[in-house]
Amino acid sequence: MSEPRKIVIIGAGLAGASAAGALRERGYAGEILLLGTDTHRPYELPPLSKGLLVGKTDEPDWVHDEGFYAEKDIAFKSGATATKVELGARLVHDDAGGEHRFDRLVLATGSRPRALQVPGGGLPGLRTLRTLDDALALRSAFKDAGRVVIVGAGWIGTEAAAAAREHGAEVTVVDQVGSPLLAVLGEQVSGVFKDLHAEHGVNWRLGEGVAGFTGGPDGVTGVRLRSGDELAADVVLVAVGAAPRGDLAHAAGLELSDDGGVCADAGLRTAAPDVYAIGDIAAHFHPRYGKRVRVEHWSNAKWQGEHVAGNLVGENEPYLRSPYFFSDQYDLGCEYRGLADPESDELVVRGDLASRDFTAFWLRDGQVTAAMNVNQWDDGDALKALVEGRAAVTAEQLKTAELKGLVSG
């Protein structure tokens, strides 16, 4: 594979910016064009629902310093939207009428917040949290709000609930599931987060669906539940997940997965020659799991961006990392590694759930599929090795044995 003369990266989030930076670190000397719809330079998303939303910082974690792109001769176009990709002609069109030829193309278009298709779903003032501007506006709204209703009890919803409570707002969280974070953590561990928020004054309306939003031209004023109850609100945040931005890829003729991701092989290549997909949109075949996996966490965006740089310039390496993410809510901090099925995997707890000082393991066929440390920070490397190395272990060993010994043994 000869070195390409020009690489175009569509999407200037963490994935795209990491790919651009890694290309230069690897010594790639050709042209790099980085197209991003955001008017800010590339930043990481986790602080938006954590430190920035709480008020501990006024800026996100920037992917690179302000002068990085100019210094590295990376053509960064902010506020630019790619409108069409012609795969045969190797051409990208943008919304300013620009045309950009490429030898290799990286699709890193990310995700958009999902909307609820219910009456009132288009009312002004109905908030989502995805961008830096979203986070700054939501933080300001939390400071002035008496009543906040959050629809969605996933990671964004629970982190936002913690932030709103720390700003002194009365908070109600609505979700159809019976416990927050249930699909990821299962009943027992999700109960830890349910109790945590209840202790901090969050009102749960779980097992309840949203029938619509109320309000008028001046904005949303409440949430109407399917039970008939109406929750008055000064701020309403919809946090019901994100959808991959696969429209551009689909229009170009690329295959999408069942959940809307862009299909890619183990090396993050799509079926089109010299076209790659990374980050939130990449539904790539993961050799570790033997199936397509699409992950929306920041670590996946960063690591896939760095990984694809090697394949763009001639390597042919599969992407093998397991998912990783972290969360901070009140005085609880946690890290999760791996990919478990809490409905079928065996839960093993080392420590005490009630005190919120524990490590949870999910075990399948004698191997750890995932591990989450909660308010414990000494065993990160061992947990990663257990997940990545597929060491043969028993539930009793996970509860009592030295974790480093299990890895080395």
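Helices (H or I, at least four residues) and strands (E, at least two) are DSSP runs, numbered from the N terminus. The structure is a predicted model, in which local features need pLDDT of at least 70 and side-chain atom pairs count only at pLDDT 80 or more, whereas totals for chains, interfaces and linings use all residues. Residues are numbered from 1 along each chain as its sequence is written, and side-chain values use heavy atoms, with hydrogens and water left out.

Arg 90 is located in the loop between strand 4 (82–86) and strand 5 (91–94). Although Arg 90 is not a glycine, its phi is positive, at about 55°. Most residues other than glycine have a negative phi. Accessibility is classed by relative accessible area, with buried under 20%, exposed over 50% and partly exposed in between (1.4 Å probe, protein chains only). Arg 90 counts as partly exposed because its relative accessibility is 27%.

Strand 11 (residues 170–175), helix 6 (residues 182–199) and strand 12 form a right-handed β-α-β unit. A crossover is termed right-handed if, with the strands pointing away from the viewer, the path from the first strand over the helix to the second runs clockwise. Strands 11 and 12 pair in the parallel sense over four bridges; pairing requires that DSSP finds at least two bridges between two strands. Within this pairing, Val 174 stands opposite Arg 205 in strand 12.

The loop between helix 6 and strand 12 contains His 200, which is partly exposed at 29% relative accessibility. Contacts, defined as heavy atoms within 4.5 Å, link His 200 to Arg 165, Tyr 330 and Asp 331, not counting residues up to four places away in sequence. The C-alpha atoms of His 200 and Arg 165 are separated by 7.4 Å, with the two residues 35 apart along the chain.

Arg 356 occupies the loop between strand 24 (346–352) and strand 25 (357–364). Its phi is positive, at about 55°, although Arg 356 is not a glycine. With a relative accessibility of 14%, Arg 356 counts as buried. The side chains of Arg 356 and Glu 199 are joined by a polar contact of 2.8 Å. Such a contact is a pair of N or O atoms within 3.5 Å; within protein, one must be able to donate a hydrogen and the other to accept it, and residues adjacent in sequence count only if both atoms are side-chain atoms. Not counting residues up to four places away in sequence, Arg 356 touches Val 192, Asp 195, Leu 196, Glu 199, Leu 332, Val 374 and Asn 375.

In helix 9 (residues 380–389), the buried residues are Gly 380, Ala 382, Leu 383, Leu 386 and Val 387. These residues lie on the same side of helix 9 because they cover an arc of only 165° around the axis, the arc being that of the directions from the helix axis to the C-beta atoms. Asp 381 and Gly 389, on the other side of helix 9, are exposed. Just after helix 9, Arg 390 adopts a positive phi of about 55°.

Cys 263 is buried at 8% relative accessibility, and Cys 334 is buried with a relative accessible area of 1%. With a disulfide defined as a pair of cysteine sulfur atoms within 2.5 Å, the count comes to zero disulfides.
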